[in-house]
Amino acid sequence: NIITIAKVLVPDLWQPTADVVIAAINRNLNAGYLLHTMPDDERGILELTEAGAARLQNLLLCDPGNLNSLGTQAMEALQFCLLDAAEPVIAKRALARLQVLVQRRLAELRQRCTRCPHGGRYANLWMEMEQRRLQAMDQFLAVVRDAAEADGGNALAVAAQ
């Protein structure tokens with residue numbers, strides 16, 4: 001069910017209510033981005049139209065900005081999760097953009113750490129942990145991008161193995 005999927009993708013960053021998801025579905029149906037196939041079916045099967053697929057490709061390339069807020073993190077996480085529906089060239093571009101953002105955040109964090117006048121043990125441990133987290137994310141995105149280059153489309157399945 002699409003409501004359940006929306007709630008479990010990034011629950012620590014985004015928890016839409018059922019009403020919000022249903023309203024979004026209705027907006028996309030009315031805009032012609034979704035098509036309700038088998039309307040008599042209880043499951044309410046939805047499919048992307050050509051216009052919807054094009055819109056999704058554009059949304060996957062949308063830059064949520066460099067602000068490291070919960071909203072930005074949620075947008076990036078959702079974009080990553082939706083790459084399964086992307087054309088291979090779009091997936092590669094979206095992954096490249098995400099990796100550049102992570103690399104920029106890592107460089108900025110390193111600069112902040114060198115300028116930080118507080119040298120406490122726990123503060124230093126926290127800064128080191130954050131650097132390692134961003135480094136790991138950068139390395140993971142590199143693996144996924146390499147898989148996308150090699151596979152041409154099923155990069156996420158390859159990287160998850």
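How many salt bridges does a search of the whole structure find? The search returns 3, a salt bridge being a side-chain nitrogen of Lys or Arg within 4 Å of a carboxyl oxygen of Asp or Glu. The model is predicted, so local features need pLDDT of at least 70 and side-chain atom pairs count only at pLDDT 80 or more, whereas totals for chains, interfaces and linings use all residues. Residues are numbered from 1 along each chain as its sequence is written, and side-chain values use heavy atoms, with hydrogens and water left out.

The secondary structure comprises 7 helices and 2 strands, taken as DSSP runs numbered from the N terminus (helices, H or I, at least four residues; strands, E, at least two). From the N terminus on, the order of elements is α-α-β-β-α-α-α-α-α. Just after α2, G32 takes a positive phi of about 85 degrees.

The accessible surface of the protein is about 10400 Å², with 57% of it belonging to carbon and sulfur atoms; areas come from the Shrake-Rupley method with a 1.4 Å probe, and for residues only the protein chains shown count as cover. Of the 161 residues, 28% are buried, where buried means under 20% relative accessible area, exposed over 50%, and partly exposed in between (1.4 Å probe, protein chains only). Among contacts (heavy atoms within 4.5 Å) between residues at least 6 apart in sequence, 47% join residues at least 24 apart.

The largest nonpolar core has 18 residues, of which L60, L83, A86, L95, L134 and L141 touch the most other members. Such a core is a set of buried Ala, Val, Leu, Ile, Met, Phe, Trp, Tyr and Cys residues joined through side-chain atoms within 4.5 Å. Helices α3 (50–61), α5 (88–115) and α6 (121–151) each supply at least two residues of this core, and the largest share, 9 residues, comes from α5. Apart from this core lies another, of 5 residues, including A6, V21, I25 and L34. With neighbours within four places in sequence left aside, L95 contacts F80, L83, L141, V144, R145 and A148.

D63 is placed in the loop between α3 and α4 (70–81) and is partly exposed, at a relative accessible area of 47%. Residues up to four places away in sequence not being counted, D63 touches R97 and L101. The C-alpha atoms of D63 and A94 are 9.0 Å apart, at a sequence separation of 31 residues.

One of the salt bridges joins the side chains of R105 and E76 (2.7 Å, N to O). R105 lies in helix α5 and E76 in helix α4, so this pair ties together parts 29 residues apart in sequence. Both partners are buried, with relative accessible areas of 9% for R105 and 11% for E76. The side chains of R132 and E128 also form a salt bridge (2.9 Å, N to O); these residues are 4 apart in helix α6, about one helical turn. R132 is exposed at 54% relative accessible area, and E128 is partly exposed at 36%. A further salt bridge links R133 and E130 (2.9 Å, N to O), which both lie in α6, 3 residues apart. R133 is partly exposed at 38%, whereas E130 is buried at 17%.
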